[in-house]
Amino acid sequence: MNIFKKIILIATLVMSASVFAHSGAHGQINAAKAIQIAQTSAKMLTFKAHGMSVGKIKKSWENVKKSQFEIVKKNPANYVVKATNNKAEEVLFFTISKAGEVIDVKDGASYKQGHGHAH
């Protein structure tokens with residue numbers, strides 16, 4: 001069982017390097033890719049905080065379906081993806097650059113306070 005846990009940890013670290021790293025000259029992502037990155041990031045944040053505002057999140061985020069992620073804001077620099085975890089009754093907002101970098105992840109209350117309005 002320890003070997004299995006180590007394999008999962010290594011796989012997570014490899015994924016985190018690609019998702020949380022700056023993408024540089026790989027071109028711009030589209031909305032579907034931003035949602036995919038947000039979903040992968042949510043799963044990774046169940047293991048470790050990765051320096052995001054939200055910190056480490058509940059394990060139930062691993063099971064949140066793609067349909068529960070939606071683009072709520074798009075501008076020339078980034079996408080904001082809203083994710084809803086019905087089981088935990090939580091909402092997260094992922095700010096993802098057009099290069100595919102996860103800039104920040106905030107809980108619903110923090111995101112609303114920071115922008116002065118609800119989404």
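The model is predicted, and local features need pLDDT of at least 70, side-chain atom pairs count only at pLDDT 80 or more, and totals for chains, interfaces and linings use all residues. Residues are numbered from 1 along each chain as its sequence is written, and side-chain values use heavy atoms, with hydrogens and water left out.

The protein has 3 helices and 4 strands, taken as DSSP runs numbered from the N terminus (H or I, at least four residues, for helices; E, at least two, for strands). Along the sequence they read α-α-β-β-β-β-α. Of the contacts (heavy atoms within 4.5 Å) with a separation of 6 or more, 48% involve residues 24 or more positions apart.

Out of 119 residues, 39% are buried, that is, under 20% relative accessible area with a 1.4 Å probe and protein chains only. The accessible surface comes to about 7,000 Å², with 56% of that belonging to carbon and sulfur atoms; areas come from the Shrake-Rupley method with a 1.4 Å probe.

Searching the whole structure turns up 1 aromatic pair (ring centres of Phe, Tyr or the six-membered ring of Trp within 6.5 Å; planes under 30 degrees apart are stacked, over 60 edge-to-face, the rest tilted). F69 and F94 count as tilted because their planes sit at 45 degrees, with ring centres 6.2 Å apart. The pair bridges distant parts of the chain, with F69 in strand 1 (residues 69–74) and F94 in strand 3 (residues 90–97), 25 residues apart. F69 is buried at 5% relative accessibility, and F94 is buried at 0%.

Elsewhere, K98 lies over the face of Y79, 4.9 Å from the ring centre (NZ of Lys or CZ of Arg within 6 Å of the ring centre and within 35 degrees of the ring normal).

Technical notes. Buried < 20%, exposed > 50% of the residue type's maximum accessible area, 1.4 Å probe, protein only.
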